[in-house]
There are 2 protein chains.
Amino acid sequence: MGITQRRDRDRQEMRKLIVDTATQILVEEGIDQVSIRRIADRIEYSPGTIYLYFEDKDDILYEAHLEAFSAFLDAEMTVAAIPDPLERLQALGRVYVNFALSNQRMYDLMFLIPVPRIQNKEKYDWSVSIRTYQVLRTIVEECIAQGRIKPNHPDVVSMQVWATVHGLASLIIRQRIPMVDKELVSRMVDPVLNYAFDALKA
Amino acid sequence: MGITQRRDRDRQEMRKLIVDTATQILVEEGIDQVSIRRIADRIEYSPGTIYLYFEDKDDILYEAHLEAFSAFLDAEMTVAAIPDPLERLQALGRVYVNFALSNQRMYDLMFLIPVPRIQNKEKYDWSVSIRTYQVLRTIVEECIAQGRIKPNHPDVVSMQVWATVHGLASLIIRQRIPMVDKELVSRMVDPVLNYAFDALKA
DNA sequence: TTCACTAACTAAACATCGTTCAGGGTATGG
DNA sequence: CCATACCCTGAACGATGTTTAGTTAGTGAA
């Protein structure tokens with residue numbers, strides 16, 4: 001009976017190999033360079049083989065996007081040790097933008113393209129995105145409870161903070177900020193975040 | 001000599017027909033349904049013909065994205081009549097999010113996908129994007145001059161406002177807001193904008 | 001009118017993509 | 001030793017963007 005278990009293990013390893021290879025190509029060359037055939041080439045299997053392990057390409061990207069969220073969750077956790085909630089909130093904002101700008105291709109997969117399998121309400125697992133949002137929301141709640149920021153429904157405040165950091169990161173990644181050169185744009189990040197968080201203070 | 005002029009006119013009309021058809025397919029069925037062959041089908045020409053009028057597909061999308069910016073500029077202008085600069089700023093924010101959510105496929109082309117031809121620094125014309133940004137920046141300057149909002153470099157404030165509205169719109173369009181159903185999400189828009197603008201007040 | 005020239009257009013082809021499928025191995029278990 | 005799973009491949013299908021050889025039609029001069 002060890003055999004079916006080994007088969008299961010082999011199967012999981014193969015799935016991981018495929019997802020990791022897809023992620024590798026994604027990070028190195030961008031999302032539109034990720035193709036079934038290129039993944040197959042790298043792992044030295046035929047394209048058809050991949051379909052023995054995944055329904056379709058979307059399925060692979062979905063798995064990759066879950067891993068990306070997991071890595072992002074780790075990044076979020078680095079602020080947990082900061083005692084002051086307002087400082088923690090600001091740190092989270094910086095960590096967010098920093099993650100997005102340091103892992104632009106990953107952030108692309110997570111937030112900029114239509115997320116894989118999102119149409120499939122049955123199959124899409126919201127738990128990771130909920131967990132990342134909860135990190136933010138919990139800090140916001142603490143800030144409100146301690147009267148450190150202007151009070152409002154915690155979801156409203158959380159959305160406002162999230163919109164700001166996501167908006168900033170995505171405008172930069174998509175190069176939608178006019179005139180100023182890249183150097184100048186990245187020098188704007190800190191002042192904008194400072195201004196945004198200052199405004200929230202009670 | 002009227003002939004070369006007629007040829008020029010015909011050429012421009014054909015270009016417009018192609019761009020309009022592309023835009024039509026984009027709005028009706030989304031950006032990944034826009035293909036050279038489908039445009040050719042609709043206007044009843046062969047695919048090859050399109051290449052007599054445009055370098056490549058990117059060129060067509062680039063032209064369509066310029067038109068989208070022009071429409072967006074018109075929407076922005078509707079707030080010009082509001083006398084109070086702070087009210088005007090808030091109205092602009094609402095117009096922005098409203099435009100994005102009412103024209104999601106257009107907004108996709110303008111801000112969510114990698115903008116066509118953006119790599120080609122030579123060929124990319126920044127003037128429309130600069131103009132749209134200037135509308136925001138001018139209002140922000142006036143607000144600062146009148147001491148209506150917390151003072152800072154006008155570009156910093158403008159970026160913060162822009163990031164908020166763009167972030168909010170793009171998170172909604174990309175369905176990245178967890179748990180809450182669509183109905184609930186759209187009910188969050190106004191409170192979030194109100195909270196964000198309240199925070200800016202001096 | 002006739003001839004050459006130019007511009008507009010098409011059909012077919014190429015490479016690439018996601019995906020499917022018939023067939024060939026290979027290990028497993030009786 | 002054989003049958004039954006399973007793993008894998010190569011070729012194929014339809015779709016994509018793009019290029020090109022070749023046809024058609026309008027223009028301007030002889």
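**A tour from the DNA to the buried residues**

Start with DNA strand C. Of its atoms within 4 Å of the protein, 62% belong to sugar or phosphate, and the rest belong to bases. Keep in mind that you are looking at a predicted model.

**Stop 1**

Select the residues around DNA strand C. There are 19 of them. The closest are R37(A), Y51(A), S46(B), T49(B) and Y53(B). Seven residues are nonpolar, five are polar and seven are charged.

**Stop 2**

Pick R37(A) and show its side chain. One of its side-chain N or O atoms is 2.5 Å from a base nitrogen of DNA strand C. Next, pick I36(A) and show its backbone. Here a backbone N or O atom lies 3.0 Å from a phosphate oxygen of DNA strand C. Then go to Y51(A). A polar atom in the side chain of Y51(A) lies 2.7 Å from a phosphate oxygen of DNA strand C.

Which elements give two or more residues to the surface near DNA strand C? Select α1 (2–29) and α2 (36–43) in chain A, and α3 (47–50) in chain B. The largest share comes from α1(A), with three residues.

**Stop 1: helix α6 of chain A**

To see the buried ones, select M106(A), Y107(A), D108(A), L109(A), M110(A), F111(A) and L112(A).

**Stop 2: D59(A)**

Stay in chain A and select helix α4, residues 57–77. D59(A) is in this helix. Is D59(A) buried or exposed? Its relative accessibility is 9%. Buried means under 20%, so D59(A) counts as buried. Now look for partners beyond four places in sequence. D59(A) is in contact with F54(A) and R117(A).

Terms used: Residues numbered from 1 in each chain as written. Chains lettered and ligands numbered in written order. Predicted model: local features only at pLDDT ≥ 70, side-chain atom pairs only at ≥ 80, totals over all residues. Heavy atoms only, no water. Buried < 20%, exposed > 50% of the residue type's maximum accessible area, 1.4 Å probe, protein only. Helix = DSSP H or I, 4+ residues; strand = E, 2+ residues; numbered from the N terminus. Near = heavy atom within 4 Å. Polar contact = N/O pair within 3.5 Å; in protein donor to acceptor, adjacent residues only side chain to side chain. Nonpolar A, V, L, I, M, F, W, Y, C, P; charged D, E, K, R; others polar. Contact = heavy atoms within 4.5 Å.
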